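Here's a structure to explore together.

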Amino acid sequence: MTKQRAQRPKLTLSDLYDSSVVYTSRPSYVSNPWLEPEEHQSNFLTGRELIIANHMPVIVHEASVTDKLKRLFETVGQRMPTNIIQFNDQQSYEQTLKKLAQEQQKKIYFQYIHGEDILTKDYYALDKDIFVALNNKARIPEWTNNKFLPRREVVKIEDFEAAVSLWEFPFVLKPGDDLPTAGGYGVMICYTEEDLAKAKIRIANAKSETDTIIIEQKVEAKANYCVQFAYSENEGIRYIGTSKQLTDAYGYYSGNQNASDVPEHVIQAGREIMEIGVSKGYFGVAGFDLLLDDNEDVFAIDLNFRQNGSTSMLLLEPLLQDGYHKFYSYISPCDNEHFFTTILKYVRKGVLFPLSYYDGSWFENETVQSRFGCIWHAESKETVDALEQQFLKDLQGN
């Protein structure tokens, strides 16, 4: 049975942040060598936290808040949020940030840092220097008290080729600087010489913006967890749940599933890291990618001091069916209208909970595929797998 939709999330963003704070989850329009998101994907991301934002104002692309999203929300008993500040292109996005900060004295809580030419650090709700430092992969030992670490080496980019020649496959390469990354895009897992050759090209192309590279042991993991916490002065440190990461062999992220029976020492490792972050001045939601190997050892491979893809899934757990939950997103493989009606069909079944919908039909002068962010929820993984397979077949049946 589906739980009553009247139940609240475990926690919402407006429980954590001051009323003068505005949230943006959009990466900057200015890309870097380790984060080059496609424009529509970046716009799509702006709607992901709408339900869990509650009263917190959110900057959202207009295509992510059309009547289609309203219909999906109403189907699961959710009102369309009124805390939406809309933009439609780079100019309007950057002007909106400047107007909110410089004219309305708002503070901006950024999911990804933006250039100083857009807004100076004075307008960040969370101290920008702290935010950058905590998300710097080279500094993970500082934020773990030198615990939970794979074997690793941080080298200057000009010394990288000599250093990596001493390592045996497989290993992992990551940028060791302040530039933001996401979704595994900045991670290069090398199993072969061919993989390493591709990584060397990427690293060579980043030389003008990256000073250091991390070479790290490839942990043979039996579980890949994202352990999440939230902190505010009123709430204190609060454990909000753990999900399992859905990634491919090369570390590219595609979604999450809920995790049951998470070992207590994994959760405790995450709590220790969160306590260190809070001691440095961090507040808000954070999720830590922690691997567990066959020896039950915990390895911290990435620390995301920001909202994570599965944050909404964990916070919305009281509104979902008991059993198996899967956070995922889809790009329309068909006519956008058929894509929407198929989604609506499964939302009405009570097995697909909508988070975001990027309406390709909003664009009048270009062909844009719609995108949908959601949570599958049913009594078991097998049930969800079967539902998803039928959903995909229905999409192709146009």
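Start with a working rule: a salt bridge here is a side-chain nitrogen of Lys or Arg within 4 Å of a carboxyl oxygen of Asp or Glu. Keep in mind that you're looking at a predicted model. By that rule, the count comes to 19 salt bridges.

Let's pick out a few. Take Glu-161 and Lys-200, whose side chains meet with N and O 3.6 Å apart. This one reaches across the chain: Glu-161 sits in helix α7, while Lys-200 belongs to helix α8 (residues 193-205), and the two are 39 residues apart.

Now for Glu-388 and Lys-326, where the closest N and O atoms are 2.8 Å apart.

Lys-381 and Asp-385 form a salt bridge with their closest N and O atoms 2.9 Å apart. The two are four residues apart in the helix, so about one helical turn separates them. Lys-381 is partly exposed at 37%, and so is Asp-385, at 28%. Salt bridges can also share partners, and that is how Lys-68, Glu-337 and Asp-359 come to be joined into one network.

Time to turn to the backbone. Most residues other than glycine have a negative phi, and most peptide bonds are trans. With that in mind, look at the loop between α6 (140-143) and β5 (152-156), where you'll find Asn-145. Asn-145 isn't a glycine, yet its phi is positive, at about 55°. Phe-148 is found in the loop between α6 and β5 as well, and its phi is also positive, near 60°. Which of these residues is buried, and which is exposed? Asn-145 is exposed, with a relative accessible area of 55%, whereas Phe-148 counts as buried at 17%.

One last stop: the peptide bond that joins Phe-169 and Pro-170 is cis, with omega about -5°. You'll find Pro-170 in the loop between α7 (160-164) and β6 (171-175).

Key: Residues are numbered from 1 along each chain as its sequence is written. This is a predicted model: local features need pLDDT of at least 70, side-chain atom pairs count only at pLDDT 80 or more; totals for chains, interfaces and linings use all residues. Side-chain values use heavy atoms; hydrogens and water are left out. Buried means under 20% relative accessible area, exposed over 50%, partly exposed in between (1.4 Å probe, protein chains only).
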